[in-house]
Amino acid sequence: MKKLFNRVFDGADEMYALAEKSIAEALDELGPDAPLAMPNTAYYLANYLSYTKRQVTTIGGLKEAFEEAKSWNIHEDNTSAVFKTGFGVFMAAEAIEACKYAKSPDPYEGNYHGHLSDAEVRELGVPLVTNDIPGFVVIYGKAPSDEEAVDIIKGYQTRGIFVFLLGEIIEQARRRELNMGFPVRVVAVGPDIWQVAHIISFVNRAAMIFGAVQPGDRWDLDEYTFWRIHAFVNVYEPVSDLVVSCGAGAIAMGFPVITDDENDMWPVPKTLLIQKDTTNFIETSLEARDIKLKITNVDIPVAFASAFEGEIVRKPDTRVDYDGPRFDSFELVRTLEAHEIEDHKIEVFGPDIDELPAGEKLGIGLLAEVAGKNMQKDFEPVFERNFHYFVNCAEGVMHTGQRDIIRIRISNAAFDAGFRLKHLGEILYAKIMSEYDTVVDKCQVKIYTKPDDLKRLRAEANAVYDERDARLKTLTDESVDVFYNCILCQSFSPSHVCIVTPERLGLCGAVSWLDAKATNQLNPQGPCQVVTRERVIDPEIGIWEDVNENVLASSHGNLESVSLYSIMVDPMTSCGCFECICGIEPLSNGVVIVNREHIGITPLGMTFPEMASMTGGGVQTPGFMGHGKHFIASKKFMKAEGGSARIVWMPKALKELVASKLNATAKELYDIDGFTDMIGDETIAEDPEVLMEFLAEKGHPALEMEPMF
Amino acid sequence: MTFKPDPQTFASSIKEVSFGPEGAAVTFGGSNVLPFYAFDAPIAHKPLVGIEISDKGPDRELPALAAFYDGANTLSEIAARACTAPGADFLSLKLEGADPNGDNMPSDEAAALAKEVADASVLPLLVQGVDNVDKDAELLPKVAEALQGKNAILMSAKEENYKGIAVAAVTAYGQKIGAESAVDINLAKQLNVLIAQMGIQQGNYVMHLGNSAAGYGFEYLASTIERVKIAALSQNDDALQPPAVTPVAGDAWSVKESLVSEADFPEWGPREQRGIEMEISTAAACLASGSDAVILRHPSSVETIAKLIAELV
């Protein structure tokens with residue numbers, strides 16, 4: 001077998017020989033002083049300018065520049081020599097092309113596009129930089145059939161990828177009367193491999209215009225092309241040495257080459273790939289170049305908008321009722337390895353809606369499998385919880401519940417419009433890929449409706465839920481390295497900042513530490529930022545120097561210090577969205593908690609709105625604190641003042657909601673059984689004196705605790 | 001006892017931005033004190049006043065405005081005339097005709113109009129968007145291309161469309177842009193960070209923090225501008241340090257005080273005078289809050305505000 005390096009060198013020699021000949025002919029015909037310029041560009045011969053800083057304007061100048069370029073054709077057995085040779089090949093190719101343009105401003109007479117003007121570089125460069133065009137492909141050679149040639153071009157087109165064609169594939173596309181041209185993002189550059197010089201010229205100019213890369217700066221250029229220009233190459237067999245030498249240059253710029261030619265070809269992971277099945281070129285290429293496609297529309301036969309989120313499908317309108325509470329059902333997100341997932345594959349196991357009698361009730365399982373370099377298992381529940389919103393946004397589809405108590409109803413109207421189970425998959429696929437595109441690279445969806453499958457998979461799902469709950473239990477403030485802040489509410493409460501920790505969720509109840517973490521990863525510039533907690537001042541009250549610094553900066557100078565576990569010393573501020581307010585009850589030495597839904601009066605003589613007026617607006621009011629419902633059972637709740645043993649009163653409904661968790665916490669911290677029975681509520685007392693009698697009778701621990709102030 | 005001044009200067013300053021073609025460019029920003037605190041330290045560059053024109057021409061029902069633009073009929077003539085307004089530092093073009101909810105003029109045509117205005121103007125040019133993210137995303141890159149070499153400011157790069165506008169305007173065609181957010185310090189900051197991440201350097205963008213007419217929820221805007229300025233200076237937050245441009249004219253001329261006729265409200269006096277007063281009071285408050293430039297429509301307002309600025313810096 002011939003070594004890959006040697007193929008590059010032999011190919012390079014061929015290209016240099018062709019260039020030598022072209023230049024000699026042009027010199028003969030036009031003389032050394034004849035002007036030489038590509039049309040409509042301020043960048044001379046952009047490849048020479050970019051690599052050697054030379055501003056070529058005459059044929060004589062080209063000759064000189066070409067002599068210098070010969071020093072780039074280095075036959076040494078190392079990668080940097082091969083890469084440099086690859087760049088040299090592009091200069092040789094540009095020389096061949098430049099000679100044609102020296103003889104005629106339009107050498108291809110409209111048959112091929114040839115050189116790209118600066119205006120075209122800018123026009124294509126902007127969407128490439130902004131990722132509105134996710135990348136471009138250069139396809140060279142002859143596809144196995146005309147039909148396949150058109151399929152691959154259209155395949156790239158529908159994915160928004162810009163297509164440059166070189167060689168015979170152009171004729172193949174023309175025979176099938178494929179519409180080509182700059183506006184449709186398919187450009188027939190030229191019939192030979194050396195017209196690749198025009199594409200490289202485009203890349204080099206884009207780097208100079210958009211990346212401010214200076215001519216001659218190889219390091220910056222390589223950085224720019226690798227990170228910013230999402231290009232790749234598809235080459236059909238047979239691949240000549242000449243083409244291999246161009247491939248070396250492409251690879252040097254970070255553009256992977258994908259081919260079906262195995263002869264004397266040496267695959268290099270992510271760089272030079274052999275894909276025997278040419279119909280898989282697209283998938284292989286996108287993965288190799290890490291190109292993620294933007295999903296903008298949800299492909300379903302009914303409308304999809306948040307306007308339909310609250311829509312209820314009533315029983316008589318229901319075509320099928322997937323009734324989670326009565327039949328085995330589940331929804332689950334799982335993380336797999338990238339190779340285990342076929343992107344956008346949607347499978348339905350079991351009878352579809354049209355195979356069931358109208359009004360049927362049965363179970364359903366929704367399994368979304370995702371993969372991504374930045375994916376973390378902690379995000380699974382975050383995505384999963386949003387299934388509810390995603391599915392509900394479809395017109396005529398209703399979703400309630402979560403985990404294994406979901407219910408999905410599909411209306412007759414949606415069914416008549418053609419809605420089937422695979423469309424549930426389309427919704428999940430499109431929403432996961434668009435909402436979480438920074439962490440999910442691939443996604444496939446499986447939908448189950450057979451009772452046997454559901455029984456088995458529900459048990460598996462339950463094991464996953466249990467595992468997650470166990471993880472949440474072990475997630476303590478001490479076990480994590482960082483907290484997060486949340487400034488989502490600053491639009492109306494400008495100086496408020498929430499510090500979200502595993503044991504203290506945001507006061508709105510909607511942002512847990514995991515949510516904040518996911519928000520931060522998905523949108524690094526968004527409302528949740530990392531807060532380090534390295535320089536501890538007081539672990540009991542919950543004060544860290546770095547937390548304070550963050551609070552100062554993110555409140556724009558309004559708050560200097562916050563303690564996370566105290567209601568008395570610099571308590572955390574509130575925006576106004578708190579689920580609950582906790583306030584000191586002086587007589588009993590305890591605190592009263594009231595939730596937003598409670599309309600009655602509290603033993604403090606104030607209602608929720610009255611207490612809210614003292615607590616919100618981002619001000620620190622010692623003795624009052626806004627918080628989420630789930631914070632009540634946290635071991636960090638008022639830890640500095642003795643913890644949840646201070647709670648003397650809560651509305652009955654709230655008490656019932658938090659009872660099991662709060663009792664468990666009280667058992668663990670104070671060895672008290674049935675703690676919530678000691679806590680007063682509106683049916684026991686709304687008056688502090690009556691409450692005191694009740695507390696005394698129950699032996700409430702707060703009565704024995706140290707005064708809070 | 002003698003008065004001992006205790007100047008409150010900051011270690012950080014607002015970034016300078018220059019716009020306009022070579023030889024005719026103006027610079028603003030650069031200051032390291034609170035608005036008009038000239039007694040603390042010299043103000044680096046005085047706040048600018050822009051005069052606004054529209055491709056639909058001036059409201060010729062207003063007698064003084066009609067008189068000012070008398071004889072100026074084409075857009076070029078109107079632009080040239082606007083540049084003669086005493087106190088005007090730059091020209092601001094609103095491409096109203098391109099609004100998809102109105103005439104929906106194609107972007108190419110609108111860009112050609114912008115070019116016409118730029119060629120007729122002796123002052124630096126600022127172009128305002130049409131308040132439609134999709135249309136602006138298409139229109140402003142075309143305007144950027146048409147105005148090559150003019151070093152204009154193109155307003156209205158919003159969170160939804162900043163990428164294309166920023167890259168096309170600044171990187172591809174060497175213009176400046178205005179990062180527009182809706183009266184919220186964090187959104188303003190976030191957008192600036194995102195724009196910086198596109199590789200757009202400070203000095204190439206200004207902020208548009210929102211607009212409102214005095215008396216119409218204006219406190220919200222004033223407090224946002226103020227907090228942005230204070231955070232930029234006292235906390236050296238460079239993501240909030242681009243200068244702020246506040247277009248005042250659009251809101252000031254579309255509130256009841258500037259719209260109802262004298263016939264309906266004789267006790268309010270002439271409509272034109274009321275509009276001018278709305279512009280002046282709003283602009284003065286914006287400048288006091290921290291705007292580094294305001295955009296006004298009426299030459300009388302422009303002259304008054306320019307005089308106010310000259311007296312205070």
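Domains and their contact

Modeller: In chain A, 7 residues of domain 2 are in contact with 6 residues of domain 3, where contact requires C-beta atoms, placed from the backbone, to lie within 7 Å. On the side of domain 2 of chain A that touches domain 3 of chain A, 4 residues are nonpolar, 2 polar and 1 charged. Here Ala, Val, Leu, Ile, Met, Phe, Trp, Tyr, Cys and Pro count as nonpolar, Asp, Glu, Lys and Arg as charged, and the others, Gly among them, as polar. This is a predicted model, in which local features need pLDDT of at least 70 and side-chain atom pairs count only at pLDDT 80 or more, while totals for chains, interfaces and linings use all residues. Residues are numbered from 1 along each chain as its sequence is written, and chains are lettered from A and ligands numbered from 1 in the order in which they are written.

Colleague: How many residues does each chain bring to the contact between chain A and chain B?

Modeller: Chain A brings 16 residues and chain B brings 17. On the chain A side, α5 (118-130) and α8 (196-210) are the elements that give two or more residues; helices (H or I, at least four residues) and strands (E, at least two) are DSSP runs numbered from the N terminus. The most comes from α5(A), with 5 residues.

Colleague: Which residues of helix α21 of chain A are buried?

Modeller: A residue is buried if 20 or more other C-beta atoms lie within 10 Å of its own, exposed if 12 or fewer, and partly exposed in between, with C-beta atoms placed from the backbone. In α21 (residues 688-698), the buried residues are A:L691, A:M692 and A:L695.

Colleague: Why do the buried residues of α21(A) line one face of the helix?

Modeller: Seen down the axis of α21(A), they fall within an arc of 105 degrees, so they line one face; the arc is that of the directions from the helix axis to the C-beta atoms. The face turned away from the buried side of α21(A) carries the exposed residues A:E689 and A:E697. The cover over the buried residues of α21(A) includes β23 (647-649) of chain A.

Methods:
Two residues are in contact if their C-beta atoms, placed from the backbone, lie within 7 Å.
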